Amino acid sequence: MATDAVAQLADSLAKTQVTEGELSYKGQGRKFDNAQSVEEIVKEIQEFKGLQALRLEGNTYGVEAAQAIAKALETKSEFKYCYWSDMFTGRLRSEIPPALNSLGAALMTAGARLTVLDLSDNAFGPDGVKGIEKLLKSTACHTLQELRLNNCGMGIGGGKILAAALTECYKQSSAQGTPLGLKVFIAGRNRLENDGATALAQAFQLMGSLEEVHVPQNGINHPGVTALATAMQHNPQLRVLNLNDNTFTKKGAIAMAQALKHLRSVQVINFGDCLVRSEGAIAIAEAITEGLPILKELNLSFGEITGEAALLVAQSVEGKATLEKLDLNGNCLGEEGCDALREVMDGLNMGDLLGSLRYWIEILNYRLKQVDGDVFNLLSLFFSFQVDVADAGKTAEAFLKISSVYNEEDKDVKSAVLDSIDAILRKAFASPSFQGYNFISSLLVMLGLLKSEDKVKPVRVVPGHLQALEYVVRQDYFPQDHIAVLEAFMSR
């Protein structure tokens, strides 16, 4: 890199971090190819009494290395938490299923009862789902509460395999008197499309225990959205529903609005970038008016919603004492529509809940009065981009767009760039649901340092990208356990 900042911070990371019942090798950026390379890990697993959690994320493991670790897990009957995201970077897809098979078989042999299974950011495709199929059907997963498979490239086929495995797990656990009570399901960026989403919806409807569902960026259109809406009605404890960046259109939005009328526990709704359109927004507003008493966040950004419909949405949150955020950015409001929207929210004493809309308007106006044309162009870009920080990929894209105009010699431009980056990343990393490793992997793909199955075209790397990275790794909001992964690739 152009700086030693990343390397210096990476060197300060502890090699192994241990909390009660947990052994962690998180974010070390190491490559383990064979049994010999994991001897230290194996020994520590074997000697760890009462092991409940193992963090392997942020490294890369070959088949032999995974098999050696698996062997050490065979006696760990108290094991509950698998934090195994981003552990196959640079591996052939054919290596991943046998590695997962061996780890899953070890947990079954141990008689483990899992609570969390996190395999996000592994891009293993349908074959990878087959690698965990036996585990998901086994008694080890009868107690599973959180299943995290974000950014795994499952596709329609993988979605169907996963749905069938969850269904079988539910049926077998129910027969034993302890039905599967999955609470959290995360599977963003998996190309599930309508068929995959519909298959999973049938499993969700059967379980009826979900509290959080996150399936953003899956190419789901109104048939899949409608199937998910029907399933959600059978999950009365649902608190968080995130379908960001799928395509509802009028039919899907109305179906989802009908589902919301049956739910009383929902706190967070993220239908941003879902093309709900005005008729869909009006239906959702009606559902909010009639129910959702503890709603905290509503995101209907970038949905082609007109000013009149946006006003109805704003009016629907009247009396929602728990509301913390209403996001209507990026819709067809115009200047007058924005003013009217702010007036309505101010009249409800909720003006500050339109923070994102207010923030970008005020920042833009402020900057236009103070700086030159280059910064005007930058902030116009930033304003129009209006980043959804719930989406790690879009956050990475925004970071690169903004940092590309960084100019060390121009204080105004430099300040504007760094202020903008701070605003985005501080907000992103402050969110408990933000997928930090997904942000790093997206950044590396866009910089051309990591291959992607989505055939993403890398950006032209300019000095501003590296200078901005140098800046952000020194900020208090940037997680230190991400730095080693970043440094491992940037130092190549």
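How many helices and strands does the secondary structure of the chain come to? The count is 19 helices and 14 strands, taken as DSSP runs numbered from the N terminus (H or I over at least four residues for helices, E over at least two for strands).

## Ground rules

This is a predicted model, where local features need pLDDT of at least 70 and side-chain atom pairs count only at pLDDT 80 or more, while totals for chains, interfaces and linings use all residues. Residues are numbered from 1 along each chain as its sequence is written, and side-chain values use heavy atoms, with hydrogens and water left out.

## The chain overall

Of the 492 residues in the chain, 55% are buried; that means under 20% relative accessible area, with exposed being over 50% and partly exposed in between (1.4 Å probe, protein chains only). The chain exposes about 20,400 Å², and 48% of that comes from carbon and sulfur atoms. The areas are Shrake-Rupley values with a 1.4 Å probe.

Now for contacts, meaning heavy atoms within 4.5 Å. Among those in the chain with a separation of 6 or more, 81% link residues 24 or more positions apart.

In soluble globular proteins, nonpolar side chains tend to be buried together. Here the largest nonpolar core has 117 residues, and L73, W84, F185 and F271 touch the most other members. A core in this sense is a set of buried Ala, Val, Leu, Ile, Met, Phe, Trp, Tyr and Cys residues joined through side-chain atoms within 4.5 Å.

Leaving aside residues up to four places away in sequence, F271 touches L241, L243, F248, M256, L260, V276, I284, N299, L300 and S301. There's also a second, separate core of 33 residues, with I424, I440, F478 and V485 among them.

## A helix pair

Helix α16 (residues 411-430) packs against helix α18 (residues 463-472) at about 55°, with the axes 11 Å apart. That angle makes α16 oblique to α18, since under 35 degrees is roughly parallel, over 145 roughly antiparallel, 65 to 115 roughly perpendicular and the rest oblique.

On the α16 side, L418, I421, D422 and L425 meet A468, Y471 and V472 of α18.

Most residues other than glycine have a negative phi. E193, not a glycine, has a positive phi of about 55°; E193 sits in helix α7 (residues 193-207) and counts as partly exposed because its relative accessibility is 37%.

Q217 isn't a glycine either, and has a positive phi of about 55°. Q217 lies in the loop between β10 (212-214) and α8 (222-232), and at 25% relative accessibility Q217 counts as partly exposed.

Terms used: Axes fitted to C-alpha atoms, helices over the stretch in contact; angles between N-to-C directions.
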